[in-house]
Amino acid sequence: VDYYERREDRSTPLSRRGFRKAFTASIAFWFFSLAFFASKNDVLAIAFLLAGMLLAFFHTPMDLNPLGATAGYPTGLALALAGGYYVNAHSLSPAVLALAFSAWVFLCGVKIVDDIKDYEWDKRFGKNSAPVFLGKALAKKTALALVTAGALTGVALALAGVIPRPTAISFLPLFAAAYYSS
């Protein structure tokens, strides 16, 4: 859509035919997965599949407003983290949900940093990303706050024992990255 319909991207590795084939294969696999989990009466797995499909289907219109443009990819990744854990472990623990939330907050900040680099491009194409909506200065502060909040949440979860304590170390570089990018 970004390349062929909106003419946003400068290049693409796939032809229109290649995109159609990839889209058809992914939809077929999605329906196969849906049928598989339906045969197992796994309502939660089906809910994760439906949430992911709705997010993918509405990506393009969501991408035109600041909230959708910022939270779309992080939401998909948080869903993949929680849903992937669920279909493998057949349970959904508070620790996984907390980690997914921490990642979602952090990744929303990262997405704003990424969109700051595309500010002129987004503005030219009418994409109302967070930096276009907020302005670059406020977008940087918002990104810093989100990355810091996500990292602090991760550290707090580790120190509280919700997730393994040694994982607190993995969140520390995020603070440096947040302050370096702002």
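**Briefing: Thr70 and its chain**

Thr70 sits in helix H4, which covers residues 66-89; helices (H or I, at least four residues) and strands (E, at least two) are DSSP runs, numbered from the N terminus. This is a predicted model, in which local features need pLDDT of at least 70, side-chain atom pairs count only at pLDDT 80 or more, and totals for chains, interfaces and linings use all residues. Residues are numbered from 1 along each chain as its sequence is written, and side-chain values use heavy atoms, with hydrogens and water left out.

**Thr70**

- Thr70 has a relative accessible area of 8% and is therefore buried (under 20% relative accessible area, with a 1.4 Å probe and protein chains only).
- A polar atom of the Thr70 side chain lies 2.8 Å from the backbone oxygen of Pro66.
- Leaving aside residues up to four places away in sequence, Thr70 touches Cys108, Lys111, Ile112 and Ala130 (contact means heavy atoms within 4.5 Å).

**Fold of the chain**

- The chain has nine helices and zero strands, so that its elements read α-α-α-α-α-α-α-α-α from the N terminus on.
- The C-alpha trace spans about 50 × 45 × 25 Å along its principal axes.
- Of contacts between residues at least 6 apart in sequence, 54% join residues at least 24 apart.

**Burial and surface**

- The chain has 182 residues, and 35% of them count as buried.

Methods:
Buried < 20%, exposed > 50% of the residue type's maximum accessible area, 1.4 Å probe, protein only. Polar contact = N/O pair within 3.5 Å; in protein donor to acceptor, adjacent residues only side chain to side chain.
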